[in-house]
Amino acid sequence: MSQPSSTGSFDVASLVEDVNLRRVAQYALVVFFLGFFLVPLETGIMTAIKTNESVARSLPFAPPVGEGFTLGNIQFALEQLSGSFFNSLIMSIPATIGSVLFGSMAAYGLTMVNWRAQMGMLMLFVVGVFVPYQAVLVPLARFWNNIFPLARMLEPMVASIPFFQGYHAELVPLVITHIAYGIPICTILFRSYYQSLPNSLVEAGKIDGASITKIYRRVILPISKPMFGVVFIYQFTQIYNEFLFAFTLVTGSDAPAAPVTLVLPAIGASTSGIDFGIRMSAAFLAAVPTLILYVAFAEQFAKGLRTEA
Amino acid sequence: MATHDNTEQVTDTTDEAVGWESKLRYFLNSDFVRSAPYWGIPFVLMSIAVYGGIGYNFAISFTDYEGLGTPDYSTLDLEMYTQALSSDAFISAAQNNLVLLVGFTTICLVLGLFLAVLLDHGIRFSEKFQTVYLLPMSLSFVVTAQLWLWMFNVESGILNLVVTTLGFNPVDWLGNPSIALGAVIFALIWQFSGYTMVVYLAGLQSIPDDQFEAARVDGASIIRTYLRIIVPQLKEASVSAAVVLMVFALKAFTFLYALVGRYRPPNGTDILATLMVRRAFKFGEWAYSAAIATMLLIMALGVIGPYLYYQYKQGSL
């Protein structure tokens, strides 16, 4: 900002002009990309609140006018999705808590304490982050269907829990699967945080004679609260949004235990084509939980992504 | 833990025994053992799921297992691999996968870098813009597939609105096999470029401001400063973002499935991941799809192996 005064007075005017032009171009690009990222969302919302007639006659991104406005699509989509919303939440919440806790424990065991072969074990965790899940789908299907049919075994028990039906037992293997495959990424995220903590924290605890468990509970857990926030938000978003495991373990979009992501690609479809008003409504309803989390905790979400890399 | 008492009793016996006993005591009191419950439980659970699963998949891929029933391990051979490698469906899926991997990764990196540089300096409310740019990353592929299905709609999608306004004929984005993959790549770039931007911004922020100052004092233009001085320092960010993107491109299944809601994605966009899932869960060809999955895994390891080695050498793990 102080540049004009230091370059002398003779070409201040042209310099200011130059800077302004670049600024204008820069802001123009920023706004252009704002449009690039928002148009698909905006179009979707506008389509969700339009009647079929209005969808056919108006521009896709234009807001509905007068008679063209309806909440019918959203209402219909909500009725269709309400059961699967419940499925998604009772699946995502325990799965997130489980993988985050295990990840924190593993990272603590791997970082705060020194022993050999740590690097080898860490490598196994890191590879676990990147493994394409296709490589375990056939075993997963076989394991939970034939070798250890936990869902069928738990069905009578789950049916006796208030608000639950027998078919919710199908979500138990899914939760365990999500916990197991979520551990690597949670471990890596926590590890990067624990590594940044000063060593003296643990050393002081050790000198005081505190056990490893005590150090974890009294020292590490309290100071890693912000990181728990980051990992929790990141992991909940991942599990709630996930499709492939649910697709493998809870077969079919019409299964009563199907989470939202499984139901969504089938909603509003008929022999005459897709009703986009309903489809867009359902897409937005499905996105609401993660959108709320994102709007409220965007910084934490970004931090999770940054640390992953 | 009960073994602690045994080791306490040892006082003095022969040298060898002392050595042995104290070694045991040292071992049992070592951080390795005492921290075992922490890393042990998650490690075992994760290992069974990830490495047990991979091993089991590997074993199935050598059998002829299909349909109902159980795999027969008595005759193991590479038949499924040779069958896959000589099938047209596999070859074309692999080609599509390569196009997706290269195209998607390259454009995402370039666009992400561009966005990061754009927002790095001199923009007010830069964080607010970053939040919007990153927003698609918080959505499920199932949701973004629906949004783009509507964008690509032949009669009333926005893209065709633009195309016809410019005076061209409407394009069947997802129905034309020669452009469907490009359309998919475009939609995935929309979702992922915010991610590469965030990674690059983190890299940019770690570069000290005085380098910009020094370049400016030398009279270098902003663009030249970025190209010559700043971008070469972002190698590490580029490599790690590229690895994440490439591995994603290998396993991208959900977006393609959710576009059409069936096993077969739009013509011209079939990749190894969709081929594998279709063969397994639609046709019950377990061994065949296990073989494809193994090859997919090897490709993914081909990407992350060198990366991890590089990271390890750098000491940044």
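Predicted model: local features only at pLDDT ≥ 70, side-chain atom pairs only at ≥ 80, totals over all residues.
Most residues other than glycine have a negative phi. How buried or exposed is Phe125(B)? Phe125(B) has 10 other C-beta atoms within 10 Å, and because a residue with 12 or fewer counts as exposed, Phe125(B) is classed as exposed.

Phe163(A) sits in the loop between α7 (150–159) and α8 of chain A, and with 7 other C-beta atoms within 10 Å it is exposed.

Helix α7 of chain B covers residues 126–134, and its buried residues are Phe129(B), Gln130(B), Tyr133(B) and Leu134(B). Viewed down the axis of α7(B), these buried residues fall within an arc of 130°, so they line one face of the helix.

Which residues of α7(B) meet α10(B)? They are Gln130(B), Tyr133(B) and Leu134(B), and on the α10(B) side the partners are Gly194(B), Tyr195(B), Met197(B), Val198(B) and Leu201(B). Sorted by class, this contact of α7(B) with α10(B) comprises 6 nonpolar and 2 polar residues, with no charged residues.

As for geometry, the axes of α7(B) and helix α10 (residues 177–205) of chain B come within 8 Å and cross at roughly 140°. The two helices, α7(B) and α10(B), are therefore oblique to each other, and their crossing is left-handed.

## Packing of α4 and α8 in chain A

Within chain A, helix α4 (residues 72–111) packs against helix α8 (residues 171–196) at an angle of about 40°, and their axes are 5 Å apart. The arrangement of α4(A) and α8(A) is therefore oblique, and α4(A) passes α8(A) in a right-handed crossing. The residues of this contact between α4(A) and α8(A) divide by class into 19 nonpolar, 10 polar and 1 charged.

Phe85(A) belongs to helix α4 of chain A. With 17 C-beta neighbours inside 10 Å, Phe85(A) counts as partly exposed. Between Phe85(A) and Ala257(A) there are 172 residues in sequence, counted as their separation, and a C-alpha to C-alpha distance of 10.0 Å in space.

## A buried lysine in chain A

Lys303(A) is placed in helix α15 (residues 298–308) of chain A. Is Lys303(A) buried or exposed? With 22 other C-beta atoms within 10 Å, Lys303(A) is buried. Lys303(A) and Leu189(A) are 114 residues apart in sequence, and their C-alpha atoms lie 9.5 Å apart in space.

## Where the two chains meet

Across the boundary between the chains, 77 residues of chain B are in contact with 80 residues of chain A. The element that gives the most to the side of chain B touching chain A is helix α4 (residues 36–61) of chain B, with 15 residues. By class, that side of chain B has 57 nonpolar, 17 polar and 3 charged residues.

One pairing between the chains involves helix α5 (residues 118–130) of chain A and helix α16 (residues 286–314) of chain B, which pack at an angle of about 140° with their axes 11 Å apart. Helices α5(A) and α16(B) are therefore oblique to each other, and their crossing is right-handed. Met123(A), Val126(A), Val127(A) and Phe130(A) in α5(A) meet Ala300(B), Ile304(B) and Leu308(B) in α16(B); by class, this contact has 7 nonpolar residues, no polar and no charged ones.

Ile304(B), which lies in helix α16 of chain B, counts as partly exposed, with 19 C-beta neighbours inside 10 Å. Apart from its neighbours within four places in sequence, Ile304(B) is in contact with Val127(A), Phe130(A), Val243(B) and Val247(B). Ile304(B) and Val33(B), by contrast, are 271 residues apart in sequence and 30 Å apart in space, C-alpha to C-alpha.

Conventions: Residues numbered from 1 in each chain as written. Chains lettered and ligands numbered in written order. Contact = placed C-beta atoms within 7 Å. Helix = DSSP H or I, 4+ residues; strand = E, 2+ residues; numbered from the N terminus. Nonpolar A, V, L, I, M, F, W, Y, C, P; charged D, E, K, R; others polar. Axes fitted to C-alpha atoms, helices over the stretch in contact; angles between N-to-C directions. Parallel < 35°, antiparallel > 145°, perpendicular 65-115°, else oblique. Left-handed = near helix turned anticlockwise from the far one by under 90°. Buried ≥ 20, exposed ≤ 12 C-beta atoms within 10 Å, placed from the backbone. Arc of directions from axis to C-beta.
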